[in-house]
Amino acid sequence: DISYTVQVYEMGTDGRYSDDPTSTMTGTGKMDATVTVSHETKTGFTADTEKSVTSATMTESGAVLKLYYSRNQYTITFDTDGGTPIEDATYYYGAAVTVPEDPEKAADDEFTYQFLKWTPAIPATMPAGDQTVTAEYEKTTRTYAVQWVDGNGNVIKTEHMAYGTTP
């Protein structure tokens, strides 16, 4: 029997293949026999059949087969729940995720809003699948200064009252 080599290449998180294989396997076959390998299912990767060499005829020096796996890209969608928009971000599987600046949500008549967190939390590295994260805000009831004025326009009394309450 003659040895053959299977070189496995996984695309990096930068979208490029290394010159060196990610892993190597060996097998044996007979002279002039055709050896064939198949891609395995790998989470976050797709078989790159155009680059791969999955079949070869054994020679005296053996054969080298190559399996390439392209890294999938996935998108994080930022639902700011009415806050400042944040563009979706696309990353390769396993790549470090950049956390965007906190969104700001304008006050309305009733509440002011302070950003708290993203739900679910933004992952540190991109998982195998698109993600949607939603901004959560702390709501604070707004208060207003209410003034009582006499018929001459003189302020009699000023009270600070929460929105929606009556004196």
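1. Two strands count as paired if DSSP finds at least two bridges between them. Strands themselves are DSSP runs of E, at least two residues long, and are numbered from the N terminus.

2. A word on the source comes next. This is a predicted model, in which local features need pLDDT of at least 70 and side-chain atom pairs count only at pLDDT 80 or more, while totals for chains, interfaces and linings use all residues. Residues are numbered from 1 along each chain as its sequence is written, and side-chain values use heavy atoms, with hydrogens and water left out.

3. The sheet. Strands of a sheet pair through backbone hydrogen bonds, either parallel or antiparallel. Here 4 strands make up an open sheet with mixed pairing, in the order β2-β1-β6-β4. Its edge strands are β2 (23-29) and β4 (45-47), each of which pairs on one side only. From one strand to the next, the twist averages 25°; the angles are taken between N-to-C directions, on a scale from 0 to 180 degrees, with axes that are lines fitted to C-alpha atoms. Within this sheet, β1 (residues 2-10) and β6 run parallel and are joined by 6 bridges.

4. Asn72 sits between β6 (64-71) and β7 (73-79). Is Asn72 buried or exposed? Asn72 is buried, because its relative accessible area is 18% and buried means under 20% (exposed is over 50%, partly exposed in between; 1.4 Å probe, protein chains only). Leaving aside residues up to four places away in sequence, Asn72 touches Gly44, Phe45, Thr46, Tyr91, Tyr92 and Tyr93. Contact here means heavy atoms within 4.5 Å.

5. The cores. A nonpolar core is a set of buried Ala, Val, Leu, Ile, Met, Phe, Trp, Tyr and Cys residues joined through side-chain atoms within 4.5 Å. The largest has 17 residues, of which Ile76, Phe78, Tyr91 and Trp118 touch the most other members. At least two residues of this core come from each of β7, β8 (89-92), β9 (111-119) and β10 (131-141), and β9 gives the most, with 4 residues. Apart from this core lies another, of 13 residues, including Tyr4, Val8, Val35 and Leu65.

6. Phe78 in more detail. Which residues does Phe78 touch, not counting residues up to four places away in sequence? They are Ile86, Glu87, Asp88, Ala89, Pro100, Trp118, Ile122 and Val133.

7. Salt bridges. Side chains of opposite charge can pair when their charged atoms come close. The rule used asks for a side-chain nitrogen of Lys or Arg within 4 Å of a carboxyl oxygen of Asp or Glu, and the count comes to 5.

8. One of these joins Lys30 and Asp1, with the closest N and O atoms 2.8 Å apart. The partners are 29 residues apart, with Lys30 in the loop between β2 and β3 (34-36) and Asp1 in the segment before β1. Lys30 is exposed, at a relative accessible area of 55%, and Asp1 is exposed at 68%.

9. Another joins Glu10 and Lys42 (2.9 Å, N to O). Glu10 lies in strand β1 and Lys42 in the loop between β3 and β4, 32 residues apart. Glu10 is partly exposed, with 23% relative accessible area, and Lys42 is partly exposed, with 24%.
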